[in-house]
Amino acid sequence: MARLLALLTLAVLSLSTLASALSINVRGRSVPLLVQGNTGSPFLITSESIHDCGQPTDLFHPTSIDINPDPPRRGEELVVDVKGTLDETVAAGAYADVTVKLGLIKLLDTRLNLCDEITKIDRECPIEKGPVDINTTVKIPGELPPGYYKVHLQAYNYDDKPIACIDAGFRL
């Protein structure tokens, strides 16, 4: 369970390096969705499950975030696609504080080494500043209990500058 949550979080967290697909599928039709994020700049977000809780001073500025399927489903693969711009290089010592809840029950409250985690999606530190485009697929275990999951992730660079903040909520 912790591995899945770490991978799911990593996929979303890779928002500190992340995204893509500029539309959602509504009744068989692809429709772009423009959302004003907390960062003050508009970006396309194609997921009802993911929300930017970042600030304008964050190092990563998402232009699009997509997960498919949305919401995620137990026993299926989850594709996460993120695009954006990174203002500074993310180096060794970067970390992410992650909280995962199932309903009101806290399942995970941990600090992850961002550079260790990003190797799981075939990336390495340092993550150079500039455009970021990451696409990854993770398998959601069928053994996860059904319910409403909430994920909060706040990523920081080695010098404690905020990289990104993501909130996700979905029913499995």
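Reader: What makes Glu117 count as buried?

Author: In this predicted model, Glu117 has 10% relative accessibility. Buried means under 20%, so Glu117 lands on the buried side.

Reader: And what makes Glu117 and Lys120 a salt bridge?

Author: Their side chains meet at 3.0 Å, N to O. The cut-off is 4 Å between a Lys or Arg nitrogen and an Asp or Glu carboxyl oxygen, so the pair qualifies.

Reader: Is Lys120 buried, partly exposed or exposed, and how do you know?

Author: Lys120 comes out at 42%.

Reader: How many salt bridges does the whole structure have?

Author: The search finds six. Glu88, Asp159 and Lys161 are linked in a network of them.

Reader: On to the cysteines. What makes Cys53 and Cys165 a disulfide?

Author: Their sulfur atoms are 1.8 Å apart. The rule asks for within 2.5 Å, so the pair passes. A disulfide is a covalent bond between the sulfur atoms of two cysteines.

Reader: Why is the disulfide of Cys53 and Cys165 called left-handed?

Author: The torsion about its S-S bond is about -85°, so it is left-handed. As for location, Cys53 is in the loop between E5 and E6 and Cys165 is in strand E12, 112 residues apart. Cys53 is buried at 17%, and Cys165 is buried too, at 3%.

Reader: How do you know that Cys115 and Cys125 are bonded as well?

Author: Their sulfur atoms are 1.9 Å apart, again within 2.5 Å. The link is left-handed, with -85° about the S-S bond. Cys115 belongs to helix H2 and Cys125 to the loop between H2 and E10, 10 residues apart.

Reader: What makes Cys115 buried but Cys125 partly exposed?

Author: The 20% cut-off separates them. Cys115 has 11%, so it counts as buried, whereas Cys125 has 24%, so it is partly exposed. With the bonded cysteines numbered in sequence order, the pairing reads 1-4, 2-3, and the total is two disulfides.

Reader: What makes E8 and E11 a strand pair?

Author: Eight bridges join them, and they run antiparallel. Pairing takes at least two bridges, so E8 and E11 meet the rule. One example is Thr99, whose bridge partner in E11 is His152.

Reader: Why are E5 and E9 called edge strands?

Author: The open sheet has five strands, in the order E5-E12-E11-E8-E9, with antiparallel pairing. E5 and E9 each pair on one side only. From one strand to the next, the twist averages 15°.

Reader: Which residues have the most contacts inside the largest nonpolar core?

Author: Among them are Phe60, Leu86 and Tyr149, in a core of 36 residues. Strand E12 contributes the most, with five residues.

Notes:
Residues are numbered from 1 along each chain as its sequence is written. This is a predicted model: local features need pLDDT of at least 70, side-chain atom pairs count only at pLDDT 80 or more; totals for chains, interfaces and linings use all residues. Side-chain values use heavy atoms; hydrogens and water are left out. A nonpolar core is a set of buried Ala, Val, Leu, Ile, Met, Phe, Trp, Tyr and Cys residues joined through side-chain atoms within 4.5 Å. Buried means under 20% relative accessible area, exposed over 50%, partly exposed in between (1.4 Å probe, protein chains only). Helices (H or I, at least four residues) and strands (E, at least two) are DSSP runs, numbered from the N terminus. Axes are lines fitted to C-alpha atoms, for helices over the stretch in contact, and angles run from 0 to 180 degrees between N-to-C directions.
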